[in-house]
Amino acid sequence: MRQHLAVTIIGAGRVGSVLGRVLAEEGVRVLGVLSRTRRSARTAARFIGARVASDRLADLPPKTSLVFIATPHDAIADVARELASLPGLDARRLAVCHASGMHTAAVLEPLRAAGATVFSFHPLQTFPRDFHPREILPTARGIVYGVDGDRRGVAAARRLARALRGRVVLVPPGQRELYHAACVVASNHLTTVLAVVESMAACCGIPEGVARRAFSPILQASLANARRTSPAAALSGPIARGGIATVAAHLEAVRREIPGLLPYYVAVSAETVRLALRKGSITGAQAAALQELLMTFQPSPTQNTRTP
Ligand SMILES: NC(=O)c1ccc[n+]([C@@H]2O[C@H](COP(=O)([O-])OP(=O)(O)OC[C@H]3O[C@@H](n4cnc5c(N)ncnc54)[C@H](OP(=O)(O)O)[C@@H]3O)[C@@H](O)[C@H]2O)c1
């Protein structure tokens, strides 16, 4: 399969550069990189080892068998339309996918109508802009891709995922937004949690860099324990023990020292109470008492909830 694939990447950003390079390292021919600007296309093509670099879709290498669209999601529909109308393009021997978490395969409809095999292929990974593609390359191996498409599309997605040493998870098109919201929780919210920890530690006089190192083991262990068992099994702490006095003292401290974080603290604590109940470590009555306590710390809409 790898030898038969001949890929062109459209969109020379983080995702296009990194996945293009993974494909090339796995022995797939990456023929070209097309982007909005020639400069980005060249940089990415050099990084990947592709011959063609252009700012024109018309320069799509004729031997391309798979087009991977890695543009921002609001450009995908235009790119699909433009590709479908390229003179001389035989779409029937082409597979086309895109990397957006928000769009389904439907955004590629002009290409499907022209006979191409289409599918969505969202890498369930973070590719932050502040990192050079080389730095994040290892994190793009062995990942999962959120996919939808018809039978042919899904089969092509599985082949592409195998070539990238990854796997596919099928996402019902009607749940695409919720699936993407879950990705946001897993990545962006987790990153936000780290920033919250640093802010709280700073209030205790612990400098940022020290806090990052100090909280690292507890963060890593929480993640590893939840992965090995389940979030419910991994849950520890005062809410899981029904320690209402401790929870009240924490809420008081947050309100006093860093009031901007109170809405966040209350909302996540309420979810933690539900998790403790599922875990079976607190009774329904304890859960109700904890939720009632949390309600008393819920800021009213008129209260100032700006960050500290
Ligand atoms: N970043 C993530 O963590 C992540 C994770 C999963 C999925 N995704 C998805 O992957 C896709 C790409 O994300 P990214 O983070 O790699 O974006 P990015 O770094 O902003 O790169 C997008 C690239 O697309 C090019 N581009 C923009 N409009 C274009 C057009 N009309 N035709 C051709 N090229 C165009 C830009 O070109 P120039 O540089 O030439 O201007 C840019 O290099 C998005 O759909 C995103 O939702 C991103």
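For the residue classes used here, Ala, Val, Leu, Ile, Met, Phe, Trp, Tyr, Cys and Pro count as nonpolar, Asp, Glu, Lys and Arg as charged, and the others, Gly among them, as polar. On that basis, in this predicted model, the shell around the ligand divides into 10 nonpolar, 12 polar and four charged residues. The shell holds 26 residues, of which Gly11, Gly13, Val15, Thr37 and Ser40 come nearest to the ligand. Two or more residues of the shell are given by each of the elements α1 (14–25), α3 (76–84) and β6 (117–123), and α1 supplies the largest share, three residues.

The protein chain as a whole has 13 helices and eight strands, and its C-alpha trace spans about 70 × 40 × 40 Å along the principal axes. The chain is divided into two domains, tabulated below, whose centres, taken over C-alpha atoms, are separated by 43 Å.

| Domain | Residues |
|---|---|
| domain 1 | 6–171 |
| domain 2 | 229–308 |

Of the 308 residues of the protein chain, 31% count as buried. The largest nonpolar core contains 56 residues, and within this core Val7, Val33, Phe68, Ile69, Val96, Cys97 and Leu111 touch the most other members. Apart from that core lies another, of eight residues, including Val247, Val273, Leu290 and Leu294. Leaving aside neighbours within four places in sequence, Val33 is in contact with Ile9, Ala12, Gly16, Gly20, Ala41, Ala44, Ala45, Ile48, Ala50 and Ala53. Across the protein chain, among contacts between residues at least 6 apart in sequence, 59% join residues at least 24 apart.

Note on methods: Residues numbered from 1 in each chain as written. Predicted model: local features only at pLDDT ≥ 70, side-chain atom pairs only at ≥ 80, totals over all residues. Near = placed C-beta within 6 Å. Helix = DSSP H or I, 4+ residues; strand = E, 2+ residues; numbered from the N terminus. Domains from an automatic or database assignment. Core = buried A, V, L, I, M, F, W, Y, C linked by C-beta atoms within 7 Å. Buried ≥ 20, exposed ≤ 12 C-beta atoms within 10 Å, placed from the backbone. Contact = placed C-beta atoms within 7 Å.
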